[in-house]
Amino acid sequence: MKIRVTVLPKPSVLDPQGVAVAGAMKHLGWENPGRVRVGKVIEIDSPGACPDEAKLHAICRDLLSNPVIEDYSVEFLEP
Amino acid sequence: MRFAVLRFPGSNCDQDCLRTLRDNFGAHAEPVWHKETSVAGFDAIIAPGGFSYGDYLRCGAIARYSPVMRAVREEAERGTPVLGICNGFQILCEAGLLPGALVRNRGLHFICRQIHLRLENNSSPFTRAGLIGQVLRVPVAHGEGCYYADNDTLQRLEDKDRIAFRYCDADGNVSPESNPNGSLHNIAGILNEKGNVLGMMPHPERACEERLGSTDGRLVFESLINSAMAAIQ
């Protein structure tokens, strides 16, 4: 099965990378890109079954993201 | 006085800590590999700087699951002083031994230079040898040193006198200009609730000899040694 976990800085956390990327986008002609946030994508392509939902979310919360500064979302791409 | 200096894959200030403890303070200092399951029998534990696990995922995110960290948590609960420096601070935050997190510097650059710190609390085992308001000159070397915590946590840190060090200028003024990385409330170092765990981004172990440009970092190790001596007596 294939799962995609997306991790982004919380809106309340200053994201200097996002600000820098937004600045570069302006240089390329996008006049007002608004707020840009830079995060990470973790793709899990597992030959076995996914752990139960509680376990999966515990791993997302405790390892893949840091709830102090980040939010995450999970997408199930392939069964 | 026996110090444990933790060593993770990618730690790179472990030798600096071991050397300064042995040569400048005559202390017994031992490296402890991250796979060890006990750190019992030491008077203090140091989580040194570096890039544990290559900073993969987040700084300190993988190191916090090293076997030794369970033992560090147990020792911290027993009251043993635990000092996290730079990456060690990041690991202690990820492990939940300290609140908040360290994120990318506001200016995005890796900063490696001398800065000034104002001592804010001299009742901890790490700062007892100092005076409140005292200014220390100590180097920083980090890309992710911007301290972040939510407002409630910041308020709690302020109210309970748990901010050990703040970034300041040479005269001790705490201001946005003297903040090298965007840390909230100019925070450079914080204590846990019991006061026996300190995390700090600056490197006191690199400021213990005249030829390194400053001896102000000695205060942290002298305080620790004095506290351990007092505990034995």
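This note sets out numbered points on a predicted model.

1. Conventions. Residues are numbered from 1 along each chain as its sequence is written, and chains are lettered from A and ligands numbered from 1 in the order in which they are written. The model being predicted, local features need pLDDT of at least 70 and side-chain atom pairs count only at pLDDT 80 or more, while totals for chains, interfaces and linings use all residues.

2. The sheet of chain B. An open sheet of 9 strands has the order E2-E1-E3-E4-E11-E10-E9-E6-E7 in chain B, with mixed pairing. Strand E2 (28–33) and strand E7 (135–142) of chain B are at the edges with a single partner strand each, so one side of each has no neighbour in the sheet. On average, neighbouring strands are turned by 25 degrees against each other, direction ignored. Strands (E, at least two residues) and helices (H or I, at least four) are DSSP runs numbered from the N terminus; two strands pair if DSSP finds at least two bridges between them.

3. Strand E3 and its partners. Strand E1 (residues 2–7) of chain B pairs with E3(B) in the parallel sense over 3 bridges, and Val5(B) stands opposite Ile46(B). E3(B) also runs parallel to strand E4 (residues 82–85) of chain B, joined by 3 bridges; here Ile45(B) stands opposite Val82(B). From strand E3 (residues 44–47) of chain B, Ala44(B) and Ile46(B) point one way and Ile45(B) and Ala47(B) the other, and all are buried. Buried denotes 20 or more other C-beta atoms within 10 Å of the residue's own, C-beta atoms being placed from the backbone; exposed denotes 12 or fewer, and partly exposed lies in between.

4. Helices against the strands. E3(B), helix H2 (residues 67–78) of chain B and E4(B) make a right-handed β-α-β unit (with the strands pointing away from the viewer, the path from the first strand over the helix to the second runs clockwise). Helix H3 (residues 87–94) of chain B lies across E3, E4 and strand E11 (197–200) of chain B, at about 120 degrees to E4(B). Axes are lines fitted to C-alpha atoms, for helices over the stretch in contact, and angles run from 0 to 180 degrees between N-to-C directions.

5. The nonpolar core. The largest nonpolar core has 74 residues, and Val5(B), Ile45(B), Ile46(B) and Leu117(B) are among those with the most contacts inside it. Such a core is a set of buried Ala, Val, Leu, Ile, Met, Phe, Trp, Tyr and Cys residues joined through C-beta atoms within 7 Å. Helix H5 (residues 218–232) of chain B gives the largest share of this core, 6 residues. Beyond its neighbours within four places in sequence, Leu117(B) is in contact with residues including Val135(B), Phe165(B), Arg166(B) and Ala188(B) (contact: C-beta atoms, placed from the backbone, within 7 Å).

6. Backbone points to check. Most residues other than glycine have a negative phi. Tyr53(B), however, has a positive phi of about 50 degrees; Tyr53(B) is in the loop between E3 and H2 of chain B and is buried, with 23 other C-beta atoms within 10 Å. Asn186(B) has a positive phi of about 60 degrees, lies in the loop between E9 and E10 of chain B and is buried, with 22 other C-beta atoms within 10 Å.

7. The chain contact. Chain A contributes 9 residues and chain B 12 residues. Helix H1 (residues 16–27) of chain A supplies the largest share of the chain A side, 3 residues.

Methods. Contact = placed C-beta atoms within 7 Å.
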